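Hi,

Here's the structure I promised to pass on.

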Amino acid sequence: MADLRITGLHKYYGSVHAVRGVDLEIPAGEFAVLVGQSGCGKSTLLRTIAGLEDADAGTIQIAGAVVNDEAPRNRDIAMVFQNYALYPYMTVYDNIAFGLRARKTPAAEIDAKVKQAARTLAIAHLLERFPRQLSGGQLQRVAIGRAIVRNARLYLFDEPLSNLDAQLRDEMRGEIKRLHQELGRTMIYVTHDQIEAMTMADRIVLLRDGRIEQQGTPLDLYEKPATRYVAGFLGSPAMNFVDAELAFADDGAQVRVPDGPVLGLPAARVQRLVGRPAGPVVLGLRPEHVGHASADASRPGVARHVAAIELVQPTGARSYATFRLGAAAVVAELHAHDVSQPGERVELAIDMNRAVLIDPSTDRVIP
Amino acid sequence: MKIRARRRLALVLRTGAAVALTLAFLFPIYWLFMISFKTPDEIFAYPPKWWPGQINFANYAVLFKDGDATTVWNSLVIAGVSTLVSMFLGSLAAYSLARFRTGGEHLANWIISQRMVPPIAIVFPIFLLYVWLGWVDTYVGLILLYSAFNLPYVIWMMRGFILDIPPALEEAALVDGYTRWQVLWKVVFPMCRAGLFATAIFTFVFAWNEFLFALVLTRTEVATYTVQVTHYFGGQSNFWAKISAMSVLGTLPVFVVVAFMQRYLVRGISLGAVKG
């Protein structure tokens, strides 16, 4: 059964239409990540689920019950906030126990739960300290501890890692994912960081302008984006987009890049294009699908193209090289030793089996 | 070397100026206390006597024997209760303004503008109203009036302190199982404790020092000490001994309050200053 079911949800802030008709179902035990740029409505959606904002239209069901008119405390949820929301005048222990005390839990049970949570999060030695005496990572652990002692139906995370530095963020990312595996609870996690979404989610819900642009497993969204927006949002470095023409010839179909190469499409791809008119198309190429020709043995569907490298960005094992495909700058992911410096001419292998074709009039991906 | 000497000189000058200023401010209070212990002869002695021949409490004894000292009690009741009333109502109103944007953007400004009404403009209408209500010379009359007068100030100050509390602290408590009222007690008030105390002190001191309304609206039953002091200024002569003893009695409670609450007072003032 779905732990959370949202139907036709709308939310306005004055004249701003922040959430525009969201339908969403999160099964029990799932880790769902709401992701999108700032202002896409993801935090508003989460806050509406929590009951911190009222829904203007639509229903929210938690564990089968409509909760639209329930106060936050009656929704059986626990929440972790971006700025930790710890009480400066209470010790770590009291902060973690705060929610249990609201529910009149017996003192012995509170004590057991707080200590258990503290052990799980490796903060048992900090229980008598005050928040001002802790580092950012420790504060975030306490905030998570306050949520997990609460045996709630739904755990909500509102950008919990965005105040941490990069290294701590990586560490806490793993920690939260581990917690999810151990506790097996339904968690909904809001972030603007597509890497967090990719690495943590069972399901990514990608929001744009208050609507769900696409949802599915991380790999689904990565490999089969439904729109240009999704294709461009996920992946780092981002997908390359090249304006081109789709043309049909006797022996198949091609993508013709103005002032650039003609890239043949593989037979399997051509079959799915039957009935489509020729015309403008946007070619989407992920950097890892553009490689060095020598590294990529000749395979069907792989087009070759010689280009001068304009910019090289080494990252260690791989280097990102920028070159021109027609007028567009395209980033290729190469082995670090396949390219040495700008100006070098390299034969590139473009894997057209993985290329995405987008209809420029609708910005939707051509299936 | 030269720089160090110059710094030392600056320090000496600064300290000297501070001491001089402090003495200038403290002297009238010192003089007030001294007069209250003096005999009539000593009060008018020339050249003035800096120290009374002996500490004598006769001036105070008269005040207690004649019952004049009860006016200090009246002041305590009126200022104390009106502070509690205006702090309670004002804090709730401030919370509503800060968190629910009650009345839109401008209600808060309108409320503080009420503080700018010159009391003299409304004292007689209020007097007539109070005559009609039968509230002249009653506790309830002055308590309500001072509460109403202090409300704008309390609302304005507390609204600022509440706005400084991150909303997520309250939201976390709401999610964790508390009601709005519990959130007020467990989160909001503890978070702005310094502001609460500072505002309460200013509110108390205002009511304590108020003179105009007390003069017009009291007779004998609930006259405050500020009114009582004026009774000692006579057409023929001024009762300096009583004036000073009464003034000392009127100063002590505020002195005690501020002494105990100084920590909050300073923080409250500086918080307000930063908010601007």
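Let's start with chain B, which splits into domain 1 (2–56) and domain 2 (67–275). Keep in mind that this is a predicted model. The C-alpha centres of domain 1 and domain 2 of chain B are 32 Å apart. Where they touch, 6 residues of domain 1 of chain B meet 6 residues of domain 2 of chain B. On the domain 1 side, α1 (2–37) and α2 (40–44) of chain B are the elements giving two or more residues, and α1(B) gives the most, with 4 residues. By class, that side of domain 1 of chain B has 5 nonpolar residues, 1 polar and no charged.

Next, the contact between the chains. Chain A puts in 16 residues and chain B 12 residues. On the chain A side, β6 (77–80) and α2 (92–102) of chain A each supply at least two residues. That side of chain A comes out as 12 nonpolar, 2 polar and 2 charged residues.

Last, a sheet in chain A. It is an open one with 5 strands, in the order β15-β19-β16-β17-β18 (chain A), and the pairing is antiparallel. β15 (290–292) and β18 (328–335) of chain A each have a single partner strand, so one side of each has no neighbour in the sheet. On average, neighbouring strands of this sheet are turned by 50° against each other, ignoring direction.

Cheers

Note on methods:
Residues numbered from 1 in each chain as written. Chains lettered and ligands numbered in written order. Predicted model: local features only at pLDDT ≥ 70, side-chain atom pairs only at ≥ 80, totals over all residues. Contact = placed C-beta atoms within 7 Å. Nonpolar A, V, L, I, M, F, W, Y, C, P; charged D, E, K, R; others polar. Pairing = 2+ DSSP bridges. Axes fitted to C-alpha atoms, helices over the stretch in contact; angles between N-to-C directions. Domains from an automatic or database assignment.
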